[in-house]
Amino acid sequence: MSLAAAPTKSAAQARASARSGAKGDPALARRLAAAIEGEVLFDAFSRGRYATDASIYQIEPLGVVVPKTEVDVRAVLEVAAEQGVPVLPRGGGTSQCGQTVGEALVLDLSKHLNGLLDLNVEQQRALVQPGLVLDRLNKRLKPHGLWFPVDVSTSSRATLGGMTGNNSCGARSLRYGTMRDNVSAIDALLPDGTPMHFGVVDPDKLGANVPDRQRDLTAALLDLGAREAAEIRARFPDLMRRVGGYNIDALMPDREINLSHLLVGSEGTLAYSNRIELKLSPLPRHKVLGVVHFPTFYQAMDNTRHIVALGPTAVELVDRTMIELGLQNPVFRETMLHFVRGEPDALLLVEFAGDDAEANLRNLQRLVELMGDLGFPEAVVEAIEPGFQQAIWEVRKQALNIMMSMKGDGKPISFVEDCAVRLEDLAEYTDRLTQVFRKHGTEGTWYAHASVGTLHVRPVLNLRQDRDVKAMRAIAEEAFEMVRDYKGSHSGEHGDGLVRSEFHEAMFGPRMVRSFEEVKTLVDPDWRMNPGKIVRPPKMDDRSLFRFKPDYAVAPLDTGLDWSDWAASASGGFGGAVEMCNNNGACRKLDAGVMCPSYRVTRNERDLVRGRANSLRLAISGQLGPDALSSDAMLETMKLCVSCKGCKRECPTGVDMAKMKIEVLHQRAKKHGVPLREKLVAYLPRYAPKLRRFAGLANLRNRVGVLRRLGERWLGIAAERPLPEWRSDAFYPPETAVGPEDGIPVALFADTFNRHFEPENARAAVKVLTAAGYRVHLPRALAQPERPLCCGRTFLAAGLVEEARAEAQRTLAALLPLARQGIPVVGLEPSCLLTLRDEFLSLLPGEEARTLAGEAKLLEEFLAHEAEAGRFRPKLKPLGKTALLHGHCHQKAFNAVKPVERVLGMIPGLTVETVESSCCGMAGSFGYQAETLDTSRAMGELSLLPAMRAAESDAVLVADGTSCRHQIADGTGRHARHVALILEDALEA
């Protein structure tokens, strides 16, 4: 007999009805703001940013709270309990099944509650707050030879709280198990804020030093476990990868009872995990990796069981679709060309790890021999070097995002991606499921955890079409029936959420589902914690809950830039580009690469590629009201985007927020005009030729304090920042070409900044090129030749697209004849030269712009290419021991940092060290604006400025970006130089 009655459906509906219309409730917002130190975000833009995760769903929350302290969380729970408001704890917001969206008060725990509270190295235990990201934890553990081994592919942004709520598993669960196996205790808060420890309990000692409520709740849960033990044994599949429903098997009397395991996998529907105690593992000292190639997908699946018998730590699948899409991605292509041989239909990544390096190598050879015995000779690419292994694993970790990079409205959809079956059934199951997909007119993409029979399969569907929504339902029902036939699990890693909870009764039976409801009622009597997940969920195909609802539509937009690459989308080019964001959150990473510098400083969802993309999608589809795209709220959303283009390269789905920001500013400029400060910067290339004649007068602002202060008051230019100094000796050579007349021709595109503020860089480039025997053309405009050529970037930064287009046309007319002759166009400033390769294609789409783009190269790219061809062989003298190099963001976006390293490496005895840094923070005019000055400096302090300060006094500091050089000088008092100057210094007389 049940000890706790679940609320009736009508009662739940009554509560929901009472809450209707409460979204953005100002009274609730004021109450919360008075109770906590953290942020309370109830505006429409904020609610919209938290309405989605990485699933197909979108549900607008009642409001968002970003608690600053643990006391804040308890206060929020108490207020919510008094008001009858549901609560939804959220970490990285990367759930694929809709766990982290709902009509509730969302708690974003990732910004502040991310501490490692205690580390016991001897006992291999760590106590963490729920917002701590896995990679950040493992970075702290590595010096101690430890790691937390539940290594999910989203480790760069997955929080430990989210992983606990999800019962995450990861690639190496074959050895280390699931999250449940690696959590020892949880200090939780019950829905009303009451603290309760969930850990190991002794049924015989429940009364000792335990509060009455905790004792009674524990006793009731243990009674349920004892009563339902036979049903649990009969209904729960005997697989490691069963994460569906509540882990009520943890309550059974035939084992050590650990109540924390009930919270693991509960998706925030029972209690709030305030502090989580983790079991750590020794970090393997050595690893090897074998990439096994198979001619057919079926053969890969059929032979997985034989490979697992060798005792690997991981066996991960990569299918043909992922191989093809990965080869199209510039971030992964080079790596994949090294480990993919021929045209395999599937790969298995097989890892052996341990402290004995020789044993690992022997196991790798056993793998090679096994493949030969099974009829696959020479099928294994061996990865011994750690860097090569890491690069291969990074491709695998980005599998979902690579799959989602498909353009168009059809996408690989998560809903049957998590089923788990026994290895002996894997080949037959995958073959049958493929036939189901084809029956419904689609194909599936496959990857992930072959070692434990859990493959992430996603049929390609367009959920804007009713036909495909019906196909999703039919595929789900047939797939789960098949899983039951194999005595498998329908939910093997990603949880239940909105997409799978509906099927618990079919998978586990009605009695089990009633037990789940009883657990929910015992722990959360009012059913306020993340309602609608695991128990009493809505239908998984309820289109009113979808991101693309039946009435979703994007109005036509007269865009300034060309977006035709995404024109196949029903939302049009710009809309299709915006909708490429699948919310997987790769932009939330905090350590590697460039993306996303503003988020790394503020940790705000608003200041994130994903947050901006969601705001744009909601705006263009009318969900944020009329004129939202050109609104002040949208301007605020875009304000801290520094247009670094990190996302252009690092976002696996290709979201280019820098380009989108130009479009947003263009749309705003059409409605509201452009402020004076932005105009002054935008038109700089046009007035610079005249102002250079009055350089001394123009530089007075830097020397007279009152002028600085007036500039900040009237224009918003930060008084603390010195502006670049105008030069009276600007680069205006009288010649149109210099160097030997029979030399190899090259054209120098001198940008506005190096021409007027640092002309020595342009002169050094000319000297280096002519000294090496090149004939350097110095092209001029066909019309108004006295005014230099310009890339138009300053106009683009202000949204003045038509002015930028005019500059692009003028520059194209001058440079195209050279480009058509195959003469390289070489530039010094990355942001300017690379505009010829990037924005010109959107301003002037067509063959002419593509021709110029094909010949446009940074100086170092050109020199590295010429050196490789044997044409650039300068005689260089030693300069020092070390060069510390900072790559400009756009150099990184176009993979143009390695050429700088190679060119500097030509200097005898010079060791080149590249700073692992994001954006320097200056970012054109961004660092000079009073309102963004602090953010600019904070970006620099993330890694670049500390590295430059720490460099030896005789180190050569190198930065090709003019903004980067100014940030380094302002922030450290040290001066970085352009590579052209370094090479000039190294030239022998």
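**View 1. Cysteines without disulfides.** The count of disulfides (pairs of cysteine sulfur atoms within 2.5 Å) comes to zero. A disulfide is a covalent bond between the sulfur atoms of two cysteines. The cysteine sulfur closest to that of Cys581 belongs to Cys587, 6.3 Å away, which is too far for a bond. Cys581 is buried, at 11% relative accessible area; buried means under 20%, exposed over 50%, and partly exposed in between, with a 1.4 Å probe and protein chains only. Cys641 is in no disulfide either; its nearest cysteine sulfur, in Cys644, lies 6.7 Å away. Cys641 is buried too, with a relative accessible area of 8%.

The model is predicted: local features need pLDDT of at least 70, side-chain atom pairs count only at pLDDT 80 or more, and totals for chains, interfaces and linings use all residues. Residues are numbered from 1 along each chain as its sequence is written, and side-chain values use heavy atoms, with hydrogens and water left out.

**View 2. Salt bridges.** The whole structure holds 77 salt bridges. Each is a side-chain nitrogen of Lys or Arg within 4 Å of a carboxyl oxygen of Asp or Glu.

- Glu228 and Arg227 are joined at 2.8 Å, N to O. Glu228 is buried, at 4% relative accessible area. Arg227 is partly exposed, at 28%.
- Asp249 and Arg255 form a salt bridge at 4.0 Å, N to O. Asp249 is buried, with a relative accessible area of 12%. Arg255 is partly exposed, at 36%.
- Asp524 bridges to Lys520, with the closest N and O atoms 2.8 Å apart. Asp524 is buried, at 1% relative accessibility. Lys520 is buried as well, at 2%.

Shared partners link salt bridges into one network of Arg180, Arg233, Arg242, Asp249, Asp254 and Arg255.

View 3. Strands and helices are DSSP runs numbered from the N terminus: strands (E) of at least two residues, helices (H or I) of at least four. Two strands pair if DSSP finds at least two bridges between them. Four strands make up this open sheet, in the order E1-E2-E4-E3, with mixed pairing. Strands E1 (39-41) and E3 (87-90) are the edges, each pairing on one side only. Neighbouring strands are turned by 20° against each other on average, direction ignored. Axes are lines fitted to C-alpha atoms, for helices over the stretch in contact; angles run from 0 to 180 degrees between N-to-C directions. E3 and strand E4 (residues 105-108) run parallel, joined by four bridges. Arg90 has Asp108 of E4 as its bridge partner. Helix H4 (residues 70-83) packs on the sheet and touches strand E2 (63-66), E3 and E4. Touching, or contact, means heavy atoms within 4.5 Å. The direction of H4 makes about 175° with that of E4.

**View 4. Asn258 in strand E11.** Strand E11 spans residues 257-258 and includes Asn258. Asn258 is buried, with a relative accessible area of 6%. Its side chain meets that of Ser260 in a polar contact of 2.6 Å. A polar contact is a pair of N or O atoms within 3.5 Å; within protein, one must be able to donate a hydrogen and the other to accept it, and residues adjacent in sequence count only if both atoms are side-chain atoms. Residues up to four places away in sequence aside, Asn258 touches Val183, Ser184, Phe198, Gly199, Val200 and Ala250.

**View 5. Ser273 in strand E12.** Strand E12 covers residues 272-279, and Ser273 sits in it. Ser273 is buried, at 14% relative accessible area. Neighbours within four places in sequence aside, Ser273 contacts Pro130, Ile186, Asp187 and Leu263. Ser273 and Gly131 are 142 residues apart along the chain, yet their C-alpha atoms are separated by 10 Å.

**View 6. Strand E26 and its parallel partners.** Strand E26 (residues 882-886) is mostly covered, with four of its five residues buried. E26 pairs with strand E27 (residues 911-914) in the parallel sense, over four bridges. In that pairing, Thr882 has Thr911 as its bridge partner. E26 also pairs with strand E28 (residues 956-959), in the parallel sense and over four bridges. Here Ala883 stands opposite Val956. In a regular strand the side chains alternate between the two faces of the sheet.
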